[in-house]
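Q: I am new to this structure and would like a close look at a single part of it. Could you walk me through one residue and its surroundings?

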Amino acid sequence: MATRLDDDDNHDNATPIVSVLPEPSAQGSGLPFPVHPLRELVTSELHARTFDPMQAPVRVAHLAYLCGERGSGRQQQYLARLLSHFGIQLPPKVGLQFATDLGGLWLRWERHTEFVTYTLSRQGPFAQPFGSDLLGELPQVWLRNLPGQVVTAVQLALESAEMPERSLDELVALFGHHPVVGGQVAGGAGYVWSDLRIHADGFGHILLRDVCLSAEQAGRLIKRVLEINAYRAMALLGLPAAREAALLLSDAEQRLAGVAARMVDGQLDAAGSGDASPVDGLTLPPERELLAELTALAAEIESVAAETATRFDASQAYYQVVRQRLEQLREERIQGVQTLTEFLDARLAPAIATCTATAQRQQHLAERAARLTALLRARVEVELQEQNRGLLDSMDRRAKLQLRLQETVEGLSVVAIGYYGVGLIGYLLKGFEASGWPLNSTLGIGIAVPLVVGIAWLGLRRARRRLHQDAEHSHLSTAQGGGAGSTETPTREQD
C-alpha cells in the first residue's frame with residue numbers, strides 16, 4: 001500500500017488518495033523487484049567460454065567436430081555415453097560447456113554454433129611432447145562413431161621453465177623439419193611454436209613454453225591457441241566453396257553477357273521478322289526464348305548464392321574471431337622466426353578476401369540478371385500488346401464484315417418471307433374466287449405484295465432492335481458488377 005497527496009497548495013482539506021501498487025514479481029529469485037526473464041541468461045553468457053587453470057608441464061589433445069547447427073542433441077547423447085563409460089552421469093542441463101575429471105584425465109566439452117570441441121588434458125612431466133596420444137585412453141568404438149566430421153585435431157604440449165630449452169634447429173626437427181612459426185606471448189611470459197601442418201599421426205602439433213606463466217595465464221593461453229587453430233580451420237572452409245562457385249559464376253557471366261549482346265546488337269529485331277525457335281516442343285518468339293533462358297540463368301545464380309552465402313558469412317565471422325584471439329596473445333617476434341600472426345594473416349586474409357569477392361560477385365550477377373529480365377519482360381509485354389492490338393483490329397474487321405453479311409441476309413430474308421407470304425395469300429384468294437366470291441385474285445395478289453414485304457421488313461427491324469437493346473442492358477449490368485445488389489429489371493423501350 002502507498003499513500004499519495006494531491007499537489008494543491010491547500011493541504012488542510014486534502015483528501016488522501018490511496019493507490020494500490022501490484023506486488024513486485026520476483027519470479028522465484030527472492031528479490032523485491034521484477035526480474036527480466038533473460039537476466040540470468042545474459043549474465044551466464046559472459047562465462048560461456050571459460051578456461052581451466054593449468055600448471056606446466058601439461059599435454060592437451062583437442063578435437064573439433066563439425067556437426068551443424070542442429071546436431072547438439074546427438075553430441076550431448078554421445079557425451080553422456082562417454083561419461084557413463086567412466087561412471088559419471090551427465091547433468092540434466094549441460095548448456096554450452098561441460099567439464100569433468102575422467103580419473104586423471106580432464107575433459108572439457110564445448111558447443112559452438114556449428115561444431116563441438118573435446119579438449120583432454122593431463123598435467124605431469126613428459127619426455128616427448130607429442131609422443132603419446134591422450135585419445136588412446138578413450139573408448140575407440142565411441143571415437144569411431146562420433147557424429148559429425150573432424151575439422152581439426154591437435155596435440156599441444158606446455159613445457160615448464162625447468163625443462164631444457166630447445167634451439168631453433170631442435171624445434172625444426174621436432175616438427176618434422178618443417179618451417180616453424182611462433183613468438184613470445186603474454187608479454188614475454190611464454191612462447192608458442194607450431195608448423196600448422198597435419199603430421200603422420202593425423203594431428204597438428206603445437207608447443208608452448210612456460211617462462212613465468214601463472215596457472216590462469218597458462219589456461220587462457222592454451223585456450224586461445226586452440227581456438228585460433230579451430231577458428232582458422234572453420235574460416236578456411238569457405239575457400240573451396242568460393243573456388244567452386246567462381247567457376248559457375250564465370251560461366252554464368254559469359255552467358256549473361258551473350259544474352260545482353262543479343263539484345264543490344266539488334267539480333268532480336270532481325271530474328272523477329274518471322275524466325276522462331278522451338279523450346280520444349282513449342283515455337284516461341286525470340287524474346288520469349290531469351291526470357292526463358294535468362295530466367296533459368298537467374299535461378300542458377302540464386303541457387304549458387306543460396307548454397308554459399310551462409311558459408312561465406314561464417315568464414316568472415318570466424319576470421320574476425322581469429323584476429324581477435326591473435327591480438328589477445330600479445331605476440332612478440334623471435335629473431336629469425338615468422339610470427340604466428342604474420343603467418344595466419346598471409347594465408348587467411350587472401351582466402352577471406354576471395355570469399356568476400358565471390359559473395360559480392362554473386363550479388364552483382366543476380367542484380368544484372370534481374371535488370372535484364374525486367375527489360376526483356378517489358379519488351380515481351382510490349383510485343384504482346386502489339387499482338388493483342390492486331391487481334392482486336394482483325395476482330396473489328398470481321399465484325400464489320402459480319403454486320404454487312406447480316407444486313408444482306410436480312411434483305412434476302414425479307415424477300416423470301418414476302419415471297420412465301422404472297423404465295424399463301426394468292427392461294428387463299430384463288431380459293432375464294434373459285435368458290436364464287438366476286439374477287440379478282442390477280443389484283444389481290446398485286447395489292448398484297450407491298451403489304452407483306454413491308455410487314456416482314458418492319459418485323460425483322462423490330463427484332464434486331466430488341467436484340468441490340470438486350471445486348472446493351474447485359475453490357476451495363478456486367479460493367480456495374482451487379483450495382484448495389486438491386487434486383488430491379490430495366491424497363492425495355494417499346495417500339
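A: Ser-194 is buried, with a relative accessible area of 4%; buried means under 20% relative accessible area, exposed over 50% and partly exposed in between, taken with a 1.4 Å probe and protein chains only. This is a predicted model, in which local features need pLDDT of at least 70 and side-chain atom pairs count only at pLDDT 80 or more, while totals for chains, interfaces and linings use all residues. Residues are numbered from 1 along each chain as its sequence is written, and side-chain values use heavy atoms, with hydrogens and water left out.

Where does Ser-194 sit? Its place is in strand S9, which covers residues 190-198. Strands (E, at least two residues) and helices (H or I, at least four) are DSSP runs, numbered from the N terminus.

Now for the surroundings. Leaving aside residues up to four places away in sequence, Ser-194 touches Phe-175, Pro-179, Val-180, Val-181, His-205 and Ile-206; a contact here means heavy atoms within 4.5 Å. A polar atom of the Ser-194 side chain also lies 3.0 Å from the backbone nitrogen of Leu-196.

Stepping back, the protein has 10 helices and 12 strands. Of its 495 residues, 36% count as buried, and Ser-194 is one of the buried residues. Among contacts between residues at least 6 apart in sequence, 69% join residues at least 24 apart.

Note on methods: Polar contact = N/O pair within 3.5 Å; in protein donor to acceptor, adjacent residues only side chain to side chain.
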